[in-house]
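Colleague: I am new to reading models like this. Please take me through some features, one at a time.

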Amino acid sequence: MSGVGPVEPGEGTRAWDAADGPADADTPPPPEPPRGRYTQAYARHRRAVLAGAATVVALAGGGYLYATRPTSAPPPEPTPRETPYPSQAIVVSYLGPAAHSGRAPRGRFEFEVRLSVRYGPPITVERMTQPYEGLSLRTDPRTPLRIGTKDARKILVTMRVTECGKAPEGAGLPFLDVTLRNTRAIEAHSFILGERYAQDLSDALRVACGNDSASSPKS
């Protein structure tokens, strides 16, 4: 009777030891090695740590984008109001005949004007004249004089008839010629002082010359 005996193990074959044999399906896995205190804390707070790290990265990225953002040019600063021409900023007002304790000499007409600067730099009144050849004019205080926005000036103007033939018989719209200067320009400007000034001047000329406009003023 013939048969097959037990198969002999091949060369290099060794049996499984209990220590390194294949794990049985019902055998639990070996325990993990012990971790350090920080490793265990990270494991417990892993989600919070990751969320905090993500926040830091987001903030850093946002700060970089803000720092490198394209910047627009700053808006231009408001420019100061342009310096006006002196004739645009000054006001010449007729106040009326000068008040005297006695009457002014015949052939002389004294009146007061007020000069004020509405805005802008101070203005210098270089000179003040009138257009009629038969009259002379002087001011008190004398020109030139300087006027600022906070110091209106009252000026006494004296006109004297020098030759009736060249003085106007009826001053319809008499005016004063005033030369003005400020930091922008120097200019001569004619100021019409209104109907009251025209009437007062006509009355003074009529008294000075009477009906004979061709003669010199009567003494």
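Modeller: Start with burial: buried means under 20% relative accessible area, exposed over 50%, and partly exposed in between (1.4 Å probe, protein chains only). This is a predicted model, where local features need pLDDT of at least 70, side-chain atom pairs count only at pLDDT 80 or more, and totals for chains, interfaces and linings use all residues. Residues are numbered from 1 along each chain as its sequence is written, and side-chain values use heavy atoms, with hydrogens and water left out.

Colleague: How many disulfides does the structure hold?

Modeller: A disulfide is a covalent bond between the sulfur atoms of two cysteines. Here the cut-off is a pair of cysteine sulfur atoms within 2.5 Å. The structure holds one. C164 and C209 form it, with their sulfur atoms 1.8 Å apart. The link is left-handed, at -85 degrees about the S-S bond.

Colleague: Where do C164 and C209 lie in the chain?

Modeller: Helices (H or I, at least four residues) and strands (E, at least two) are DSSP runs, numbered from the N terminus. C164 sits in the loop between strand 6 (153-161) and strand 7 (175-181), while C209 belongs to helix 4 (residues 195-209). The pair is 45 residues apart and links distant parts of the chain.

Colleague: Are C164 and C209 buried or exposed?

Modeller: Both C164 and C209 are buried.

Colleague: Why does R108 count as partly exposed?

Modeller: Because its relative accessibility is 32%. R108 lies in strand 2 (residues 108-117).

Colleague: Which peptide bond to P141 is cis?

Modeller: The one from D140, with omega near 5 degrees. P141 lies in the loop between strand 4 (135-140) and strand 5 (145-147). The bond from T143 to P144 is cis too, with omega near 5 degrees.
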